Amino acid sequence: MKEKEIVVRIAELSYDELSDRQRKLVDLARKATERSYAPYSNFHVGAAIELDNGEIVTGANQENAAFPSGTCAERTAAFYAHATYPDARFKAIAIAAVGTDGKEIAEPVAPCGACRQSLLEFETLAKDNVEVILVGANAIYVLPSVRSTLPLAFSEF
Ligand SMILES: [Zn+2]
């Protein structure tokens, strides 16, 4: 039997340790949580995606009474970004969340599996790593790529 090990490198930083570029994305992701429509979960997520054309596109989760019809913040931002700027490549994404108590969640929020898979497609299109910044009140995680969030990912490419 062979065994393989998958290692994911996560940099844990404080807000002050982020670069100006990263801090801007975090600020915009946090701001985007205010535009979440989450009357069912009361879990308000915001995402900000930096594109290689200099634009930053934000999104927030949008829920629906028919639950599967809603969309996460990450995919709201990603699909809007690609629909608006189809030639632009993703460079980074920051994700933040406010919990049911109205406060930013303590530990960094991570994207769901469906969002990881969707974001991986855009990373593949970019032909370069897309930095992933997961925001929490107590810490911020910076991962080097979407692929690092989805080991053994399914990919057509
Ligand atoms: Zn998701």
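**View 1. Helix H2 passes helix H3 in a left-handed crossing.** In this predicted model, H2 spans residues 73-84 and H3 spans residues 113-126, with their axes 10 Å apart and an angle of about 25° between them. Angles under 35 degrees count as roughly parallel, and H2 and H3 are therefore roughly parallel to each other. On the H2 side, look for Glu74, Arg75, Ala78 and His82; they meet Cys115, Ser118, Leu119 and Phe122 of H3. By type, the residues of this contact divide into 4 nonpolar, 2 polar and 2 charged.

**View 2. The largest nonpolar core holds 40 residues.** Ala29, Ala47, Ile93, Ala94 and Ile95 are the members that touch the most others in this core. Helices H1 (20-32), H2 and H3 each supply at least two residues, as do strands S2 (44-51), S3 (56-60), S4 (90-98), S5 (131-135) and S6 (140-143). S4 gives the largest share, 7 residues. As general background, nonpolar side chains in soluble globular proteins tend to be buried together.

**View 3. Here are the contacts of isoleucine 93.** Leaving aside residues up to four places away in sequence, Ile93 touches Ala47, Ala48, Ile49, Glu74, Leu119, Val130, Val132 and Ile133.

**View 4. Asparagine 42 has a positive phi of about 55°, although it is not a glycine.** You will find asparagine 42 in the loop between H1 and S2. Asparagine 42 is partly exposed, with 13 other C-beta atoms within 10 Å.

**View 5. Leucine 152, also not a glycine, has a positive phi of about 60°.** Leucine 152 lies in the segment after S6. It counts as exposed, with 8 C-beta neighbours inside 10 Å.

How values were computed:
Residues numbered from 1 in each chain as written. Predicted model: local features only at pLDDT ≥ 70, side-chain atom pairs only at ≥ 80, totals over all residues. Axes fitted to C-alpha atoms, helices over the stretch in contact; angles between N-to-C directions. Helix = DSSP H or I, 4+ residues; strand = E, 2+ residues; numbered from the N terminus. Parallel < 35°, antiparallel > 145°, perpendicular 65-115°, else oblique. Left-handed = near helix turned anticlockwise from the far one by under 90°. Contact = placed C-beta atoms within 7 Å. Nonpolar A, V, L, I, M, F, W, Y, C, P; charged D, E, K, R; others polar. Core = buried A, V, L, I, M, F, W, Y, C linked by C-beta atoms within 7 Å. Buried ≥ 20, exposed ≤ 12 C-beta atoms within 10 Å, placed from the backbone.
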